[in-house]
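Please look at the sequence and the model side by side, and keep both in view while you read. The paragraphs below walk from one part of the chain to another.

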Amino acid sequence: HLLENRLGLVFDKDYSYESSFDKSFFPDRQANIKLKGFNIGIIGVINPEVNKNFGKIPYPITISEIDIEYVFDLIKNKQL
């Protein structure tokens, strides 16, 4: 994992994934990304109904969004 290799973080101690329930994603194919107990992002497979809003995309799309500014603030304040 990038977070472990570059930042020295340990999975389940410093960061983890937690089930999320965003209707933009398939149920059970999404997770919140937690860092130091705070939700910093989400990862998952986009619901096909959402894909239709962007045109005819014929295949599943997986996305991830991370609040990198929050991560940088933790690094800057030497909390990571």
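Strands and helices are here DSSP runs, numbered from the N terminus, where a strand is a run of E with at least two residues and a helix a run of H or I with at least four. Strand β4, which covers residues 62-66, pairs with β3 in the antiparallel sense over five bridges; two strands are said to pair if DSSP finds at least two bridges between them. Strand β3 (residues 38-46) is also joined to strand β2 (residues 25-35), again running antiparallel, by seven bridges, and within this pairing F25 has I46 of β3 as its bridge partner. Between β2 and β3 the hairpin has two residues, and K36 takes a positive phi near 55° there.

The model is predicted, so local features need pLDDT of at least 70 and side-chain atom pairs count only at pLDDT 80 or more, while totals for chains, interfaces and linings use all residues. Residues are numbered from 1 along each chain as its sequence is written, and side-chain values use heavy atoms, with hydrogens and water left out.

Seen as a whole, the protein chain has three helices and four strands, which follow one another along the sequence in the pattern α-β-β-β-α-β-α. Along its principal axes the C-alpha trace spans about 45 × 20 × 20 Å. The radius of gyration, taken over C-alpha atoms and compared with a globule rule of 2.2 Å times the number of residues to the power 0.38, is 15 Å for the protein chain, whereas a compact globule of 80 residues would have a value near 12 Å. Of the 80 residues, 28% are buried, where buried means under 20% relative accessible area, exposed means over 50%, and partly exposed lies in between, with a 1.4 Å probe and protein chains only. If a contact is understood as heavy atoms within 4.5 Å, then among contacts between residues at least 6 apart in sequence, 25% join residues at least 24 apart.

Where in the chain does D14 lie? D14 is found in the loop between α1 (2-7) and β1 (15-19), and it counts as buried because its relative accessible area is 10%. Leaving aside residues up to four places away in sequence, D14 touches G8, L9, K34, L35 and K36. By contrast, D14 and S24 are 10 residues apart in sequence, yet their C-alpha atoms are 27 Å apart in space.

One of the residues that D14 touches, K36, also forms a salt bridge with D14, the closest N and O atoms being 3.2 Å apart. Because K36 lies in the loop between β2 and β3 and D14 in the loop between α1 and β1, the pair ties together parts that are 22 residues apart in sequence. A salt bridge is defined as a side-chain nitrogen of Lys or Arg within 4 Å of a carboxyl oxygen of Asp or Glu, and by this rule the count comes to three. K36 has 36% relative accessibility and therefore counts as partly exposed.

Another salt bridge joins the side chains of K34 and E18, at 3.8 Å from N to O. Here K34 lies in strand β2 and E18 in strand β1, so that the pair ties together parts that are 16 residues apart in sequence. K34 is buried, with a relative accessible area of 17%, whereas E18 is partly exposed at 39%. E49 and K52 also form a salt bridge, with the closest N and O atoms 3.3 Å apart; because these residues are three apart in helix α2 (residues 48-52), they are separated by about one helical turn. K52 counts as exposed, since its relative accessibility is 56%.

Finally, turn to the surface. The protein chain exposes about 6200 Å², of which carbon and sulfur atoms supply 54%; such areas come from the Shrake-Rupley method with a 1.4 Å probe, and for residues only the protein chains shown count as cover. On this surface I66, I68, F72 and I75 form a nonpolar patch, with about 360 Å² of accessible area together. Patches are made of residues with over 30% relative accessible area and no salt bridge, nonpolar side chains (Val, Leu, Ile, Met, Phe, Trp, Tyr) being joined within 5 Å and like charges within 9 Å. Helix α3 (residues 68-76) gives the most to the patch, with three residues. I68 lies in this helix, α3, and counts as partly exposed because its relative accessibility is 43%.
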